[in-house]
Amino acid sequence: MLECLRRRLERRALWLTALATAAVLVVMLYLPVGVVFVEAVLEEGSPTLGHFADVLTDPFYVGFLADVVADPVAVGSHLASLLGWLGAVSVSLSLEYPIPGVGVPVPWLAVETPGVRMGLFGFTAYQAALSTVASVALGLPAAYVLANYEFAGRRTLRSLTILPFVLPGIMVAVGFYAMFGHAGTLNSVLGVIGLGPFAFIEANPLAIVILAHAFYNAPLVARITVAAWESVDRRAVETARSLGASERRAFRDVVVPQLAPAVLTGALLTFIFTFMTFPIVLALGGLQLATVEVWIYDRVQRLDYAEAATLAILETILSLGLTYAYLRYESAQAGFARTGSTSETEPLFPDVRTALSPERLAIVAYGLVAVIVFVGPMASLVLGSVTDGTGFTLRNYAFLLERQLEGTTFQTRPLPAIRNSLLFGLATLFVAVPMGVVISVLTVRAGRSGTVVDTLAMLPLAVSGIVFGIGLLQGLVFGVPLPGGWRLQVTGAIAIVIAHAVAAYPFVTRNVSPLLSSLDPAMVESARALGASRYRALLDVELPLIASGIVAGAAFAFAISIGEFSSTVILASGSESYTMPVAVERYLGRRSGPAIAMGTLLLAVTAASFVVIDRVGGRYEL
């Protein structure tokens, strides 16, 4: 009888696991998001849209569009205001006000906010648009070089375009602070030749925020565009040249139309990511440059949950709309995909004469800019942790050691932060990896319904960490009443693991699904014909063949857990559950040196995770 029961359970193990995963998703994902939605539409237990009306009619949030909501009849004057706003959006190349006691302003590094009532949402979109332009401007030259030239380290450099996906945002922000701060690396280098110090961050934090966003998203643009560039139909280019078109005309009329979908895809993804930005703006700009995410966090800190939930819902609606537009555009372009006859790449510097050509000199100039933007912040992070204005020092690490040995329990100490990050990362693996694998199996094997499963399971990619953190805090942390007087409640540490697992499992799915879908079904059928159950075939045949994807997904999950900040900073309110990114943010608000040292430790742990990803050959699928 036991053997019969075992066989029945084995035959139904996959679906039982799927039901268990669905139940976990309902509790861990949909319940917290639902709590946020309910908070925004209830007031003292009664349904209301008053919170939305308050936000949509407040110029602070929506700028001049508040007049449209309050008085939709006066469309003409509102349209004139809109046209005036579009005309006012500009990038300024001058900065006239110095910052007393900080340094001289930077006349060539300034981005001004238009002098119109944009509101919080308008400014968020404005900085996202500027960040998108900067990311495309930095990403396209990199794609051109990687797709057309051969040089030492080309493959390594191309693989490094995945790095931003595992770098914590707060660490990148600290790296830019170490690079562009008053006592940063760039000012130290300029001081050698008698220039500066310049107030790069203090004078114009928006410009530094845009550069930090470009650090994250330019590699994304490059990664997407390189693939398109390598698949350009070279025969069409050769045909155009043979018909008398110049090289520039052939590029404009033949190559550009084939690259445009990839560039637009990268730009749209960049806009989505930077519209939902949080840790970089919080660390480099604070409330002075508050985006919607930063303001939601501030409302939560002030215990104004209704307003925070309302803003979170409006932001989620906008982000879902943008994500839907991206998916529709990607789907529309998929039918036009073509495989070109890719020509071989040419050496980047075959001889001295070629190296001095205008094209190669332009590539060298771009390389110098790329080093400053991409390598400089991370190198400055490490260098800044062991130097100060007088030279080499271990003072920052000594402060961390002193805080650990002598700090009180309510102070942020480094060892608990490191311990918590590692423990939360390991716990995240035990939750996120099985969930990701099960969802991958269902997505690949469930036929048409697999698309529905994939869509429902990918919600974390469209909902910000702040929104999810609010939902967890108000739901599972505060407690959800159940029938019979029971109450569903979790502790802060478990809530953080839940938040990390929900953020990480889609990356496991994205690494496992492509490998699983490429397996030959005949192998599974042979195992089934020999008497293996569906569960046994999955366990003994399929999983060993996709082990590299599982390991890569696990490495991604661990790295994402180590660097997760958005939801953790809300949930880690106590003195025992903060992580390394939260510790970096707390130190940064008081002492930049210890924050940089803590960021260096965070970089070391993240880099170790990236080494695992690179060694097993995992790849992230958008």
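Visitor: Which residues make the nonpolar surface patch of about 320 Å²?
Guide: In this predicted model, Val26, Val27, Tyr30 and Leu456 make that patch. Patches take residues with over 30% relative accessible area and no salt bridge; like charges are joined within 9 Å, nonpolar side chains (Val, Leu, Ile, Met, Phe, Trp, Tyr) within 5 Å. Areas are Shrake-Rupley with a 1.4 Å probe, and for residues only the protein chains shown count as cover.

Visitor: Which helix gives the largest share of the nonpolar patch?
Guide: Helix H2, residues 13-41, supplies three residues. Helices here are DSSP runs (H or I, at least four residues), strands are E runs of at least two, and both are numbered from the N terminus.

Visitor: And Val27, what's its relative accessible area?
Guide: Val27, which sits in H2, has 33% and is partly exposed. The scale is buried under 20%, exposed over 50%, partly exposed in between (1.4 Å probe, protein chains only).

Visitor: Switching topic: what does the side chain of Ser131 make a polar contact with?
Guide: The side chain of His213, at 2.9 Å. A polar contact is a pair of N or O atoms within 3.5 Å; within protein, one must be able to donate a hydrogen and the other to accept it, and residues adjacent in sequence count only if both atoms are side-chain atoms. Ser131 lies in helix H7, residues 119-148.

Visitor: Is Ser131 buried or exposed?
Guide: Buried, because its relative accessibility is 0%. Leaving out residues up to four places away in sequence, Ser131 touches Ile210, His213, Thr270 and Thr274, where contact means heavy atoms within 4.5 Å.

Visitor: How many salt bridges does the structure hold?
Guide: Three, with a salt bridge being a side-chain nitrogen of Lys or Arg within 4 Å of a carboxyl oxygen of Asp or Glu. Asp298 pairs with Arg299 at 2.5 Å, N to O, and with Arg302 at 3.0 Å, N to O. Arg299 also bridges to Glu307, the closest N and O atoms being 4.0 Å apart. That links Asp298, Arg299, Arg302 and Glu307 in a network.

Visitor: Arg302 in there, buried or exposed?
Guide: Arg302 is exposed at 54% relative accessible area. Asp298 is buried at 10%, Arg299 is buried at 13%, and Glu307 is buried at 19%.

Visitor: What about helix H29, how many of its nine residues are buried?
Guide: Seven, so H29 (residues 580-588) is mostly covered. Among the buried ones are Met580, Tyr587 and Leu588.

Visitor: Zooming out, how many helices and strands does the protein have?
Guide: There are 30 helices and eight strands. Of the 622 residues, 51% are buried.

Visitor: What pLDDT does the protein average?
Guide: It averages 75, and 76% of the residues score at least 70; pLDDT is the predictor's confidence in each residue, from 0 to 100. Over residues 89-103 the pLDDT stays under 50, and the model has 31 contacts beyond four places in sequence for that stretch. Where pLDDT is low, predicted coordinates should not be read in detail.

Methods: Residues are numbered from 1 along each chain as its sequence is written. This is a predicted model: local features need pLDDT of at least 70, side-chain atom pairs count only at pLDDT 80 or more; totals for chains, interfaces and linings use all residues. Side-chain values use heavy atoms; hydrogens and water are left out.
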